[in-house]
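Please walk me through this structure.

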Amino acid sequence: MTQHSRCLLLCPRVWTSLENGRVAVKPPGPPVEGTVLHYSCHAGFILEGRNISHCTKLGKWDSPKPTCLWNRTPRSGKKKLYIGALFPMSGGWPGGQACLPSAQMALDLVNNRSDILPDYELELIHYDSMCDPGEATKLLYDLLYTEPIKIVLMPGCSGVSTLVAEAARMWNLIVLSYGSSSPALSNRQRFPTFFRTHPSATLHNPTRVQLFQKWKWTRIATIQQTTEVFTSTLDDLEQRVKEAGIEISVRQSFLTDPAVAVKNLKRQDARIIVGLFYETEARKVFCEVFKEKLYGKKYVWFLIGWYADNWFKIKDPAINCTVENMTEAVEGHVTTEIVMLNPETVRGASNLTSQEFLAALMSRLGGMNPEETGGFQEAPLAYDAVWALALALNKTVAPLKAKGRRLEDFNYNNHDITSEIYRALNTSSFEGVSGHVVFDAQGSRMAMTLIEQLQGGSYKKIGYYDSSQKNLSWFGNDVWIGAGPPADRTVVIEEFRFLSQKLFAAVSVFAGLGILLGIVCLTFNIYNSNVRYIQNSQPYLNNMTAVGCMMALAAVFPLGIDGHHVHRSQFPVVCQFRLWLLGLGFSLAYGSMFTKIWWVHTLFTKKDEKKEKKKHLEPWKLYATVGVLLAIDFLSLMIWQIVDPLHITVEKFTKEAPKGDLDVLIQPLLEHCSSEKMNTWLGVVYGYKGLLLLLGIFLAYETKSVSTEKINDHRAVGMAIYNVAVLCMITAPVTMILSSQQDASFAFASLAIVFSAYITLVVLFVPKMRRLITRGEWQSEQQDTLKTGSSTNNNDEEKSRQLERENRELQKIIQEKEERVSALRNQLAERQALRNRRRPSAGQNQNHNAPPPSSQPDPKSLLPPPGYPNPTTDNHSLPPSFSNSSNLYQADSKMSRNHCHNSQIPLLYK
């Protein structure tokens, strides 16, 4: 805190840049006191001035700014042709570390050849692009806007090459790349002057497809790093496998973290996996592969072959897997690698074999470790790129001379010279240290592909593939963890679920016994149809009920028939039998019972004043009602089958793994009868039937207290309706829920049918059998008439009962009127007595000689004898005293109004 700070003066920034040269600032940062600048010029330029300058404390440089001047006089007297090159010495792919020495080695050999460009000398002007398109943009500007004129550009990385190739067309420049593999660069319309000695990344794809076909794989998966080069490669692979009839089932991508993508591969059962990513990302991927156990005898990984041989053993702080984990996870994977070094011992255009080239390159690198030198594998491509350019330029000399042109006349506006160079490169064909050099129509290098497999921690060559000749050279030394190449997917064995035969047999026995019971009941009802008790139960409707129950029970058999019994093509017929037997059986059985209960409610639950008109029941109305219900069901089923017929559908369940280490899964399947709009049809049928069931329950409840001889078993019918309705309303939704469980669904539906039929038959017919057996009522109607002496008319008994009821009502009316007559007689007697008391006093006052009144009979004598009715209507039938007393009522009107209202008289004589 006691040290005083001071301000440092800045030296002029103009000194920090040099045209046609480079300036190294040490230390990096603003030019202040202590900053040192080191100057150097590009190839073909001479530095004029000091190559170093210091910034003083006064804020000035200690020497003038130097300049770079073009050296117009070649050392050899040859005309110079300049190549502008971008070599990435650092960055994502430091390929320039080996490619630049390789290119310089080729230039030295070319310039020393007297048969190649004898009048010219090639010189390389190069910069470090750091494999960064942004940095490359600035360097490209320097190359194009500073002398000398460059006749060709040579970029490295795919991203940098894309930038350079797209801009070069504006300057009529040919671009020849040594280290670009992006498939996007094969677009001739976008990059019309682009060539490359590095094959396109898509050259791996024909080899991969060939291997897929060799090992009989038709299903693969992919995982890629999200970059342009890998996306383009994968798009090309997708197109090629589609043409080969191979499916890409899973396509995953990631930016930096592959964990989720690897988990998705595992979840979707990926087996044959193509991985497209850089080496650093490959370590992340296979660390996750180890964690997810996505390796071993069931899996095969296809990777890019240009990784370092020990890429999986390099310690990477970005992953948390050990070297042992990584070694275990990568074992057995297959790589495809472009052949960048000629495997044959041949001398090409440079008069060097591939092995002699490697020895010379190692000497130029000064003993550097090839595994630690960036671009060592691509070095032969850079070497052959220089030779391809030199041979192409050499081929243009004569055609240009014929046109009066020279290579040194090239400028950025000269299209003719560019066209000649393009034509020469496009027809190039020579043997290089990387193999045979030839370009396709898109300017990409055609080359062979090397196939390797990691065996025991080291890569082994297992074959070559020449995509131009479609020739696979196979060594036959591939090794697999299992017995051979794994399957491309889990083998899925389809297994149909069939109904338990024991359950089907048991229910069938019950259904068969129910049908026998129905036959017995039907026979009984027909045989005893002349018995009055049976006739009063509407036997024809009971016959329909029995037939309907037997049809419903017969539906149990097709309900249990599945693929175990019939062929799949015959299954729709079984579906039809199920539907029609059950539908029509329900309509007959329940419809006949519903008809009975409906007419009982209609006729016998009305008010008394309307009852007399509606008590007469005609049988044809009953049959018509059943016919209407049956016709509705028939028409609805017919429309269903015409519009949307039933067919077989197969339900798939979750795959199941069998016991053991078998690489198979069981796919359970279940056959169903269905149609396109099954839910709609079931909704209509269930809605209609449900309303009938609810209405049946209501009618049965309303008529539970009704007693009638016309339908004497309606209470039993009501009980049967209760049971059928409850079972149906429970069974319908439950069977829909249990449709995926064939045993439970069949058991529930079939037992509901059996119980409904049994209950209906027992409730309707067993009481009749019991009555006829216990009471001996087996005689016909004629025999019963002789025995009892009753009328032969079936309605006599009902008429007799009706007369008895009317008689009782008349007796009640008579009783009420007798009581009223008795009350009136009592009133008359009381008045007669009162009159008698008044008469003597009047006689004494008026005339004492008047004769005495005639004697009147005792009022009690007017009552009829016990057991005889009182007179009601005729006056002459009354006693004289009653008729004589009418004058008294007229005289004493007050008493008449108080004690005998004249409105009650008509009631008495009604």
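What follows takes these topics in turn.

The model is predicted. It contains five disulfides. Counting bonded cysteines along the chain, the pairing pattern is 1-3, 2-4, 5-6, 7-8, 9-10. Cys99 takes part in no disulfide. The cysteine sulfur nearest to that of Cys99 belongs to Cys157, 9.6 Å away. Cys99 is buried, at 0% relative accessible area. Cys549 has its closest cysteine sulfur in Cys521, at 8.7 Å, which is too far for a bond. Cys549 is also buried, with 4% relative accessibility.

A disulfide is a covalent bond between the sulfur atoms of two cysteines. Cys41 and Cys68 form one of them, with sulfur atoms 1.9 Å apart. The torsion about the S-S bond of Cys41 and Cys68 is about -90°, so this disulfide is left-handed. Cys41 sits in strand E2 (residues 36-41) and Cys68 in strand E5 (residues 67-70), so the bond ties together parts that lie 27 residues apart in sequence. Cys41 counts as buried at 18% relative accessibility. Cys68 counts as buried at 9%.

Cys287 and Cys321 form another disulfide, their sulfur atoms 2.0 Å apart. Here the S-S torsion is about 80°, so the disulfide is right-handed. Cys287 belongs to helix H7 (residues 279-292), while Cys321 lies in the loop between strand E14 (300-304) and helix H8 (323-330), so parts 34 residues apart in sequence are tied together. Cys287 and Cys321 are both buried.

Cys575 and Cys673 are also joined by a disulfide, with 1.8 Å between their sulfur atoms. The torsion about their S-S bond is about -80°, so the disulfide is left-handed. Cys575 comes from helix H16 (residues 571-604) and Cys673 from strand E23 (residues 664-674), so this pair ties together parts 98 residues apart in sequence. Cys575 is buried at 1% relative accessibility. Cys673 is buried at 17%.

Next comes a sheet. It is open, has five strands and runs in the order E7-E6-E8-E9-E10, with parallel pairing. Strand E7 (120-127) and strand E10 (194-196) are the edges, each with a single partner strand, so one side of each has no neighbour in the sheet. From one strand to the next, the twist averages 25°. Strand E6 (residues 79-86) runs parallel to E7 and is joined to E7 by eight bridges. Tyr82 has Glu123 in E7 as its bridge partner.

Which helices pack on this sheet? Helix H1 (residues 96-111) is one of them, touching E6 and E7. The direction of H1 makes about 165° with that of E7. H10 also packs on the sheet, where it touches E6, E7, strand E8 (150-154) and strand E9 (174-177). The direction of H10 makes about 150° with that of E8.

The cores come next. In soluble globular proteins, nonpolar side chains tend to be buried together. Here the largest nonpolar core has 73 residues. Leu122, Leu393 and Leu407 have the most contacts inside this core. Helix H10 (residues 379-402) supplies the largest share of the core, twelve residues. Beyond its neighbours within four places in sequence, Leu393 contacts Leu81, Leu117, Leu122, Ile151, Leu407 and Ile421. A second, separate core has 54 residues, among them Ile220, Phe290, Ile304 and Ile462.

Last come the charged pairs. Side chains of opposite charge can pair when their charged atoms come close. The structure holds 21 salt bridges. One joins the side chains of Asp236 and Arg240, at 2.7 Å from N to O. These residues are four apart in helix H5 (residues 228-243), so about one helical turn separates Asp236 from Arg240. Asp236 is partly exposed at 21% relative accessibility. Arg240 is partly exposed at 32%.

Arg283 and Asp316 form another salt bridge, at 3.2 Å from N to O. This pair links distant parts of the chain, 33 residues apart: Arg283 is in helix H7, and Asp316 is in the loop between E14 and H8. Both Arg283 and Asp316 are buried.

Arg489 and Asp488 also meet in a salt bridge, at 3.3 Å from N to O. Arg489 is partly exposed, with a relative accessible area of 30%, whereas Asp488 is buried at 9%.

Definitions and conventions
Residues numbered from 1 in each chain as written. Predicted model: local features only at pLDDT ≥ 70, side-chain atom pairs only at ≥ 80, totals over all residues. Heavy atoms only, no water. Disulfide = S-S within 2.5 Å. Helix = DSSP H or I, 4+ residues; strand = E, 2+ residues; numbered from the N terminus. Buried < 20%, exposed > 50% of the residue type's maximum accessible area, 1.4 Å probe, protein only. Core = buried A, V, L, I, M, F, W, Y, C linked by side-chain atoms within 4.5 Å. Contact = heavy atoms within 4.5 Å. Pairing = 2+ DSSP bridges. Axes fitted to C-alpha atoms, helices over the stretch in contact; angles between N-to-C directions. Salt bridge = Lys/Arg side-chain N within 4 Å of Asp/Glu carboxyl O.
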